[in-house]
Amino acid sequence: MPDAPVEAVVPVRGLPAGKARLARLLTIEQRNRLVRAMLDDVVRALQDARRVGRVTIVSRDAAAGREAERLGVAFLRQPPERTGLNPALRDAQEDRAAAAALLIVPADLPLIRPADIDALVDAASPATAGPAVAVAPAEDGGTNGLCLRPPSVIAPAYGPGSAARHERAARDAGAAFAAVRSERWALDVDWPEDLARLLALAGPAELETVRCLRSAGFPSWGGPALG
């Protein structure tokens, strides 16, 4: 297994006033607090993962740059003329082209833990040391984690159905492919119902997102605990 740690990038969109699908439940201020709390949890998990080296937040938002400084990680500013997630990630690929591997983790996956991250990186480390792609699929068929070895092995193609699209691209490129499936990787936060599920899955975990959702002024969250 290669010993070199991977470069991790966290794309951030919507600071301020992200997560518009939660607008019927949360105020703009609450959504901003939630986005920052989830970013905290994702970055901390990456910083504690043994297989990750440098962590970089990628965004066109100046507020995300301030969050990167607060969290002690690097910041890559997306040029104003380049909009959208996939162009931002292609910029990150170019910027980190010399790395052994590139790990992409969105900022709305607060349940992931360092062991989950290491497992995804290890899945993209085949015994042959050749090119490889590992995907952590979302519940809806999207991509919630993507590890590319080397960083340029395929172009990120996020959007509906992207997990299958990334698999096809990897096989077309002659790269080894692996999928890593878990509840923590699968649950991203887009809809109001995701919040109660997140709290149920988090259990007693000491997460900034949990503290945020249970703080004064936020709605009460119900629903049965998930097994």
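Contact is defined here as heavy atoms within 4.5 Å. The model is predicted: local features need pLDDT of at least 70, side-chain atom pairs count only at pLDDT 80 or more, and totals for chains, interfaces and linings use all residues. Residues are numbered from 1 along each chain as its sequence is written, and side-chain values use heavy atoms, with hydrogens and water left out.

Ile57 has contacts well beyond its sequence neighbours. With those within four places set aside, Ile57 touches Val10, Val12, Leu39, Ala64, Glu67, Ala68, Leu71, Val73, Ala74, Phe75 and Leu76. Ile57 also belongs to the largest nonpolar core, which has 36 residues. Such a core is a set of buried Ala, Val, Leu, Ile, Met, Phe, Trp, Tyr and Cys residues joined through side-chain atoms within 4.5 Å. Buried means under 20% relative accessible area, exposed over 50%, and partly exposed in between (1.4 Å probe, protein chains only). Val10, Leu46, Val52, Ile57, Leu103, Ile117 and Trp185 have the most contacts inside this core. At least two core residues come from each of several elements, including strand 1 (6-11), strand 2 (52-59) and helix 4 (114-123). Helix 1 gives the largest share, six residues. Helices (H or I, at least four residues) and strands (E, at least two) are DSSP runs, numbered from the N terminus. A separate core of 20 residues includes Leu102, Ile104, Ile154 and Ala170.

Helix 4 also holds Asp116. This residue is buried, at 8% relative accessible area. The side chains of Asp116 and Arg184 make a polar contact (2.7 Å). A polar contact is a pair of N or O atoms within 3.5 Å; within protein, one must be able to donate a hydrogen and the other to accept it, and residues adjacent in sequence count only if both atoms are side-chain atoms.
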